[in-house]
Amino acid sequence: MMLVTSLDFYGLEFWLMVGLAILVVGGLTSATARSVALAAVNLGALTLLVHWRIVVIFAGLVAVWLALKLIAHRVARSQILIAGGLATLGLFVLHKAPDRLIALNLPGSRGFVVTLTIVGFSYVALRLVEVARAVADGRQPPSLTATINYLVPFHMLSAGPIQSYDDFASQPGVPRPPSKAESLEAVELIASGLFKKYVIANTLQALFITDYSAGGWYTVLEIQISYVWLYLDFSAYSDVALGAGRLMGVATPVNFRYPYLARNSIDYWERWHITLSQFIRRNVFMPVQVALMRETRGNYALQNASVAFLISFLLCGLWHSIGPRYLLWGALHALGLIVCNLYRAMLLKKIGRKGINLYLKNRWIHVASVILTFEFTALALAAATYPFDRLPWWTDYPG
Amino acid sequence: MYDPKRISSRVLVLLSLAGVLGLVGVGIRPIVGGRPSWLPETESTVDVPLYRKAAGRVLAASRELRRSARGAERLGVLIGGSSLIHGVDPTQMDTGAEWRWLSLAPSGAYLIDDCALAQLTLEGSAQPDVLVFLITPSHLAVLPGIHDDTSTFDTDELAFHVRRREWFKAQTDVANLMLIPWNVLYPNRTRISRYLRQMSFEAQQDVFHAMAFSRLAPYEPDPTPWAVDFPYPGAVRMPDGWMEFVYHGLEKSKLFEPSSYPANGQGIRSLADTVRRARGVGTEVILVLMAEGSEVRSRMPREAETRLREAVHREFGDSSPMIVDLRGSVVDDMFLDQLHLSDKGRNIFTRILSDRLRQVLFSRAGSISDHAAQ
């Protein structure tokens, strides 16, 4: 089912809103006025897409803002966190599995699902977790306009990045205006993003991607091409968001750093969808690992890290899509990280730190590692996207 | 509170960029002369997603027929515009147990579109025994601006959408105001963009052909190639004001004007080419004039049909493809809007079409020249 409607940089609306933000927000010298104007731009952009449903979104944002205030003042803190967590999870499940809600044929259900898609609720949910956790840990709750600007930044709605709340809160209220060189760099980022998406990625897709229909030996080639295509397409969105953010004076984090040069799974997750892996590290991996270390009184560090990797990446898989495919994808990545971690520990034990340094400097090992990591990641992606249901033995399998 | 100097560097950079792009654009226009010479005159209006869907349908049907005992089964392909989707349920076609019917319909009403899809069916591994074009004479019209950018500002469309409270469409209508300068400066931009997409679609087939795959290998096989869902199940008539809007569109396209039907238009040339190619691989072609409401029929100029018959006879003489006229075969009550049948009308027309095709297919060789001479 296609329900995708987003403020894509394909549309004129996106560029008009970027232009408006530069002209209006960019010139303001008061932090409050700037925050208010930016919130107006973000809500305005959403209004172009969801029309009257902006009222519902705004009410939701006000509710979040009030809840954060109450959490900060320790009023019914646990209850709010539990209720908020359940509500976010519920909305997330509806967003990821909309067919069930639509099948109920309730009045407005389709519009509701579309609205969740338009606001990019996957990303909003992660930002909600971030801000709730930060405020619960004692950080100042955001103002209403900051809540809007953090949760629904229009240039990051389509495909992130996922800004950390601390990163958002630490940016100056009135940032230094960019120099000509910085503005040119931002335009260059946008141009390279558009080139990546509309020239390279689209050509690759048009000529070589068949959704595995071609079959035969081409499947092996298509697994590689699909992975390259995904990087080009996805990182293009991030490049445009980054460039637009810089022009508007809105801090926007870097999301990709040459992931194909990764030499192992740990390195890969420091290069691919960086803001997601940092989110996972902050909000899942570290808390789980710390809890396990406490539980085991500082023993079994490797085993604890392995469990934390597994839990983190199974959840990461479910965040991408609720179902067995991405659960498998998450499990494969967890396996890659666990093996990598164990291998590093084994090498350290066997050849020592000096030996590891020599090992890392070996060009042949480096090339082989990069190829292996590329293939592993491409295969993991294929496990999540290959149309297994088209295979005769799959459909003929009883039950 | 507001300091314009803060945005000066960004505005300067963006204006420079816009200036460069504008100069490049303005520079390109005189070079390409408005219409690039490499743009063919016979491009189809079918967009690539529809082509891919149709290709998937042909591929799945071919595979299914290949798996079954193909020698015993015969494949008929129905090609037409949106009236085909409304008008024929291919699974209910009763032309004998050995016949399977595959329906392909572009979202246009233009003979070049029909021919483009017909070419696709000839790429499948199971060659059809017969191609049936379900058209109206209006499919031959030379439609002014059919390839031009459709995002033009039209106050009537805006009023129509406002009356129907289709706010999203109304908003798009207003936004189209901004596209007017682009449309004036680059009247072929939609055409070029569509053509580039079509080129990449064909290039993909060439790439796979070069790798010794079938040309249709890249496309996802349709899991239910034989079925065509009815778009408005249970609907009896389109809402008030709909026909007014449809006629507005038809008048705007000058479909009711005799001058829109030249003796040797691109449509008829494409048809002739397709018939020759089909016959070259042993596939016969039948032209069926699709059922239409009485008002549309009465407003359609006589030249439309005359030109079709003349052109077919001129191109093929005694071996002309058969023309089966079913325009008046269904009463007005069975139409949703004079052009598209209701689901009840669809059942009736499917039966009528089956009966006629059965007669034709059983005595095909003899009847072709008879009908062409009519």
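Visitor: Where does strand β2 of chain B run, and how many of its residues are buried?
Guide: In this predicted model, strand β2 of chain B covers residues 99-104. The strand is mostly covered, with five of its six residues buried.

Visitor: Which strand pairs with β2(B), and in what sense?
Guide: Strand β1 of chain B, residues 74-80, pairs with β2(B). The two run in the parallel sense, and six bridges join them.

Visitor: Which residue stands opposite Arg100(B)?
Guide: Leu75(B) stands opposite Arg100(B), which belongs to β2(B).

Visitor: How many bridges join β1(B) to β3(B)?
Guide: Five bridges join β1(B) to β3(B), and these strands run parallel. Gly80(B) is found opposite Leu134(B), a residue of β3(B).

Visitor: And how many residues of β3(B) are buried?
Guide: Strand β3 of chain B spans residues 130-135, and six of its six residues are buried.

Visitor: Which way do the β3(B) residues point?
Guide: Val130(B), Val132(B) and Leu134(B) point one way from the strand. Leu131(B), Phe133(B) and Ile135(B) point the other way, and all of these residues are buried. In a regular strand, side chains alternate between the two faces of the sheet.

Visitor: What is the bridge partner of Leu134(B) in β4(B)?
Guide: In β4(B), the partner of Leu134(B) is Val288(B). Strand β4 of chain B comprises residues 284-289, and β3(B) pairs with β4(B) in the parallel sense over six bridges.

Visitor: Changing topic: how many residues does each chain give to the contact between A and B?
Guide: Chain A gives 39 residues and chain B gives 29 residues. The area buried between the two chains is about 2800 Å², and carbon and sulfur atoms give 66% of that area.

Visitor: Which three residues supply more of chain A's buried area than any other three?
Guide: They are His51(A), Leu207(A) and Ser213(A). Together they supply 16% of the area that chain A buries against chain B.

Visitor: Which elements of chain A give two or more residues to that side?
Guide: Those elements are the helices α1 (12-25), α2 (31-50), α10 (180-208) and α11 (218-248) of chain A. Of these, α10(A) gives the most, with eight residues.

Visitor: What does that side of chain A look like by class?
Guide: The side of chain A that touches chain B has 23 nonpolar, twelve polar and four charged residues.

Visitor: How many salt bridges does the structure hold over all chains?
Guide: Over all chains, the structure holds 22 salt bridges. Side chains of opposite charge can pair when their charged atoms come close.

Visitor: What is the N to O distance for Arg281(A) and Glu270(A)?
Guide: The side chains of Arg281(A) and Glu270(A) meet in a salt bridge at 3.9 Å, N to O. Arg281(A) lies in helix α13 (residues 274-295) of chain A, whereas Glu270(A) lies in the loop between α12 (265-268) and α13 of chain A, and the two are eleven residues apart. Arg281(A) is partly exposed at 38% relative accessible area, and Glu270(A) is partly exposed at 35%.

Visitor: Which residue forms a salt bridge with Arg215(B)?
Guide: Arg215(B) forms a salt bridge with Asp206(B), and the closest N and O atoms are 2.6 Å apart. Arg215(B) counts as partly exposed at 23% relative accessibility, and Asp206(B) is also partly exposed, with a value of 41%.

Visitor: How far apart are Arg309(B) and Glu305(B) in their helix?
Guide: They are four residues apart in helix α12 (residues 302-316) of chain B, so about one helical turn separates them.

Visitor: Which residues are linked with them in a network?
Guide: Asp325(B) and Arg327(B) are linked with Glu305(B) and Arg309(B) in a network of salt bridges.

Notes. Residues numbered from 1 in each chain as written. Chains lettered and ligands numbered in written order. Predicted model: local features only at pLDDT ≥ 70, side-chain atom pairs only at ≥ 80, totals over all residues. Heavy atoms only, no water. Contact = heavy atoms within 4.5 Å. Buried area = accessible area lost by both parts, 1.4 Å probe. Nonpolar A, V, L, I, M, F, W, Y, C, P; charged D, E, K, R; others polar. Buried < 20%, exposed > 50% of the residue type's maximum accessible area, 1.4 Å probe, protein only. Pairing = 2+ DSSP bridges. Salt bridge = Lys/Arg side-chain N within 4 Å of Asp/Glu carboxyl O.
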